[in-house]
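Reader: I would like to learn how to read this model. Could we take a few features in turn?

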Amino acid sequence: MKRERAGHTLQATAVVHEAFVRLVGMDVPWQDRMHFFAVAARLMRRILVDHAKGRQRTKRGGELSIVALAPGSEGGQGATNAGEIDVLEIDDALERLSQRDPRLAQIVELHYFAGMTYQETALALGISEATVHRDLRMAKAWILSQIRSPESSL
Amino acid sequence: MDTEPDPFAREQPLTDSVAPEVIPEEAERWQRLQRIFGEAVDLPREQQNEFSAIACGGDESMLREVLTLLQCDSEPTNGPLTNALDAAIDATSTDRRQALIGTVVGSYRLVSVLGHGGAGSVYLAERSDRQYSAQVAVKIVESAALHPDMSMRFRAERQILASLNHPNIARLVDAGETEKGLPYLVMEYVHGSPVDRYCDGRQLSLGARLELFLQICTAVQYAHQNLVVHRDLKPANILVTEDGVPKLLDFGIAKLLDASPVVTQSLALTRMNDRLLTPEYASPEQILGHPVTTSSDVYALGVVLYELLTGRRPYTVTATSQLELERSICVTDPPRPSSVARRAVDVLDSKGATATSFAASRGLSAERLEKRLTGDLDAIVMRALRKEAVHRYGSVEQLAADLRRHLASEPVVARQGNWAYYSQRFVRRHAFGVAASIAGIALLTAFTVMTSIQAKRIANERDRATQEGQRAEQVSNFMLDVFAAADPFVNQGKEVTARELLDQASRRISGDLNQQPDVRARLLEAIGRAYRRQGQFDRAVVYLEDSVRLRRDGTAPATSGLAVTLTELALTLRELGRFDESERSSNEAIQILRTHGEERTPATADLLTGLGQMELQRGNLDRAQDFFEQSAKLTRDLFGAEHPELAAVLSNLMSVRLWKNDLDGAEKLARESENIYRISVPELHPDRVMSQYLLGDILARRGKTAEAAKLLEQALGAQRILYGDASPRTAATMDALALTRQAQNRLEDAEKLAREALSAGGKSHGDRHFMTGYYHTSLAGVLIKERMYAEAEKEARAALDIYNTSLPADHQYVASAEHQLGEIMLATGRPADAEALLTAAVNRWQRTGAPQARIARSASALGEALSRLNRPREAEKYLSESHQQLVASQGTKDEATIVARRRLEKFYSARGEKGKLDALATATAPAPEQSLTGN
């Protein structure tokens, strides 16, 4: 079953609210929806990353804040090695992706961190839904490849 | 709370984030990688390697990368990243909450987390001074920091809430702000389970569920009497204790958190904020952001009752989108509870229980459950769930009273008048689907005529014999199913199914000859109407004519009913372009109303409007105007000057002005109409959106492109939400916006929009409908501007071809397409063809009483054609006369005038007529000072 929307929006109260509080507190004129979502996505990303880093610090580098996948939630091919992915790893990989292809990185941010659907992302960026779909697929695979074997990048 | 200095405030706009320097070869390589991956990934697994190897052409490292990527590809699941982020968010949220455990809020120490929801988290707490051992629930409102004006309102409201003292309402004990400035509420701690789980867990019978629900009603009613609206009733807020006592939580809390200006000022913000809420229990007015009243609680109670009875919610989030859900709540009628019980028999529900087990948990078989729900309970629930607050129960007390009547086997109020209500809603919902439109102006059609008559008839019937009442109900139940299924706006993709259902329904009625003639007539009419809404006009006519025949044969004087059916028939015939028959039906309907002394009623006003629209469609502007003015006057008398009904007629009148090229008048009327809607109806109201579109369209024509573009974008955004892309109205707005973009010289945008409009028009009106023809000419217009003449010609010819079968020959649309094609002929060096087309256009404009400017525009082009054909005498006559006329009617700065002038100048200079050239220059050149003083 394809779950298109990044599904974390409902249980994410505390975090999303935190993002909101920060968003509202910011004295920035929102040029458009796109801008708003872009900032929201960036904030979400930052909150999660900061939190993960904080955890890492308190645990004195013992174990990383590794989150295990819910058992049975993965059926996709190639996901075999995806048992543990850290948000910090995603962040790193995303950073590297943005060096290479800022547009792909932005699509990933909007989709995963601001929870925008393919359709919304397409509308916001003025590209077709098919393009979003294609780009995200590439970006996802690339990020995962980075996380699994970071040195394999050229 | 301090405003956090934010790093983004000084940052570049994120959308243009600075691209790092990418070395060209690397960029190229990346592109290639993307391309190969993109192609490989769509291949079957076993072909991917081979393909990649070939595609990489010996580039080993590229191949390695592609293969790695393919290994990491996780389609079709959205898997690893989403899950990782979900978990990260969960972890962050949980830690944030856990961090509060042990801290003291007010005089309470937080002990554990009880739960968390849309607005914040709830903690179990006890008094920190241990004075009492009582446990309380502390709700910390995380979203509250959004609202700067919060604390003041908070203090005021909490006094009121604290005064609520009812055994079924969890008491508000205390409230305040945490050190971090987050508001908190201390409430009586209720140990219990949500009402839906309680009922299912105990397998309560239907009767017991209703009794419990009535207790809940009592509590809500008590609060309403104390002027407190709950605003967020849902099972999670209705707990039932071990002893079976329901307790309502969070009374009035939602108001504290809601509708602050900060939140509502930004659409995007609201939208994002919405994602935190589950709108499944929200009433349409809440979704639309309208004032929330006690009636919203009635609605929410209806949802809760629905769920207690059927185990399902009337509307549910189906992964696709929340927007879809919101649209459903505002537009679609939910299936009746009994039909849910029936349909769901073998379908597993989300909790893994079958309908049979649902029924069983209510102590009934599925069939028995369906039977118990059919009739009273269906009607009661559906009345509570009506879209418009005024059509629901007036109070919770009335809802409870009807339920008590049902339990006592007395007749319930809810079963009266449903037929009128639903046909009215159906009509309203679909009114736009049939609005004929001219010149890209979709005309507003108000169909209250049928509904008001029906309402009246139903009212009379109620007073008549019971038998008659039952008959009406028979119709209404039957039609409810059809209506619910035949709604093309539920989901564009399901339209086929809706048609199938309609077909089934019509077979059912045709087969059942035992029906009373009157019932049959009404059913036939309803089916005919439904077919018309579906755009199947031919079929609709068959049923409507049958209905008319039956009513004429009827012994009873069902004459108002006949007027209703005739009106419907007239509309359908109009859609088919059978104007004469349509007019006859309308006139007969008016006549009937007149003989019944119902001449000065909304019904007559609507018929007049309909006649006006038909005349407009026929191209008889004066007659159209006459009808609209009569209708406007009557409407003003009946409804007053600020009523939406009047705004609708004014819009029609406006389109006449537009056709008469009286742009001042048209703009004035459009503003008046838009203004009425703005003050009288909510933001997403279809008619209000339409009026934005109409005004935008006119402003565009007047060259006020910036204001126009803004209105049109607003309208288009709303319409995409309301109707989706393949709807006549969306098409019209796309078209108008295309014209605006064209005026702004944004030709690429214009072409894209014009193509969208054409596609939307074709899908919604049908490929051979004259409006689709119009969209072809519209696209042709953009293409001409882009100098893509070959494509433009194809479009213009397509339009003429469609008009040939869909419009009378002497129609201004035809002239318009001929003119366009003539201009294309000129541009592509075919003056002889141009002459034929433009002569036809000029004559046709004249015969249809078109505004001078249109005639002159074509005449000028004709002059140009004649000049090229080396017929200077005729050419000069057309060129110079048309130029004069254009100067007179449009002024010297109008685009058409400028073109005409240029043609004339070219003509004179080519012939060496220096004197005439000079005379032209002195007589009509726009003096430069003029424009300066003009400012």
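Author: Start with one term: two residues are in contact when heavy atoms lie within 4.5 Å. Keep in mind that this is a predicted model.

Reader: Then with which residues is Gln812(B) in contact, leaving aside its neighbours within four places in sequence?

Author: Gln812(B) is in contact with Leu621(B), Trp659(B), Trp845(B), Thr848(B), Gly849(B), Ala850(B), Pro851(B) and Arg854(B), once its neighbours within four places in sequence are left aside. Gln812(B) itself is found in helix H37, residues 812-827 of chain B.

Reader: Is Gln812(B) buried or exposed?

Author: Buried means under 20% relative accessible area. Gln812(B) has 4%, so it is buried.

Reader: Now the opposite class. Where is Gln203(B) placed, and is it buried or exposed?

Author: Exposed means over 50%. Gln203(B) counts as exposed because its relative accessibility is 51%. Its place is the loop between helix H6 (195-201) and helix H7 (206-225) of chain B.

Reader: What is the phi of Gln203(B)?

Author: Phi of Gln203(B) is near 50°. That is a positive value in a residue other than glycine.

Reader: And what is the phi of Arg787(B)?

Author: Arg787(B) has phi near 60°, again positive in a residue other than glycine. Look for Arg787(B) in the loop between helix H35 (770-785) and helix H36 (789-806) of chain B. Arg787(B) counts as exposed, at 64% relative accessibility.

Reader: Next, helix packing. How are two packed helices described?

Author: By the angle between their axes and the distance between the axes. Take helix H39 (residues 852-868) and helix H40 (residues 872-890), both of chain B. Their axes come within 8 Å and cross at roughly 155°. Angles over 145 degrees count as roughly antiparallel, so H39(B) is roughly antiparallel to H40(B). H39(B) passes H40(B) in a left-handed crossing.

Reader: Which residues make the contact?

Author: From H39(B) come Gln852(B), Ala853(B), Ala856(B), Arg857(B), Ala859(B), Ser860(B), Leu862(B), Gly863(B), Glu864(B), Leu866(B) and Ser867(B). From H40(B) come Glu874(B), Ala875(B), Tyr878(B), Leu879(B), Ser882(B), Gln885(B), Leu886(B), Ser889(B) and Gln890(B). By class, the contact of H39(B) with H40(B) has nine nonpolar, eight polar and three charged residues.

Reader: How do I read the pair H5(A) and H6(A)?

Author: Read the distance and the angle. The axes of H5 (residues 118-125) and H6 (residues 129-148) of chain A come within 8 Å and cross at roughly 110°. The range for roughly perpendicular is 65 to 115 degrees, so H5(A) is roughly perpendicular to H6(A). In H5(A), Tyr118(A), Gln119(A), Thr121(A) and Ala122(A) meet Glu129(A), Val132(A), His133(A) and Leu136(A) in H6(A). The residues of this contact divide into four nonpolar, three polar and one charged.

Reader: Now step back to whole chains. What secondary structure does chain A have?

Author: Chain A has six helices and two strands. From the N terminus on, its elements run α-α-β-β-α-α-α-α. Of its 154 residues, 55% count as buried. Chain A exposes about 6,600 Å², with 50% supplied by carbon and sulfur atoms.

Reader: And how many helices and strands does chain B have?

Author: Chain B has 43 helices and eleven strands. Buried residues make up 54% of its 935 residues. Its accessible surface comes to about 39,800 Å², and 50% of that belongs to carbon and sulfur atoms.

Reader: What share of the contacts in chain B joins residues 24 or more positions apart?

Author: Count the contacts with a separation of 6 or more: residues 24 or more positions apart account for 64% of them in chain B. In chain A, 61% of the contacts between residues at least 6 apart join residues at least 24 apart.

Definitions and conventions. Residues numbered from 1 in each chain as written. Chains lettered and ligands numbered in written order. Predicted model: local features only at pLDDT ≥ 70, side-chain atom pairs only at ≥ 80, totals over all residues. Heavy atoms only, no water. Helix = DSSP H or I, 4+ residues; strand = E, 2+ residues; numbered from the N terminus. Buried < 20%, exposed > 50% of the residue type's maximum accessible area, 1.4 Å probe, protein only. Areas by Shrake-Rupley, 256 points an atom, 1.4 Å probe, with all protein chains shown as cover. Axes fitted to C-alpha atoms, helices over the stretch in contact; angles between N-to-C directions. Parallel < 35°, antiparallel > 145°, perpendicular 65-115°, else oblique. Left-handed = near helix turned anticlockwise from the far one by under 90°. Nonpolar A, V, L, I, M, F, W, Y, C, P; charged D, E, K, R; others polar.
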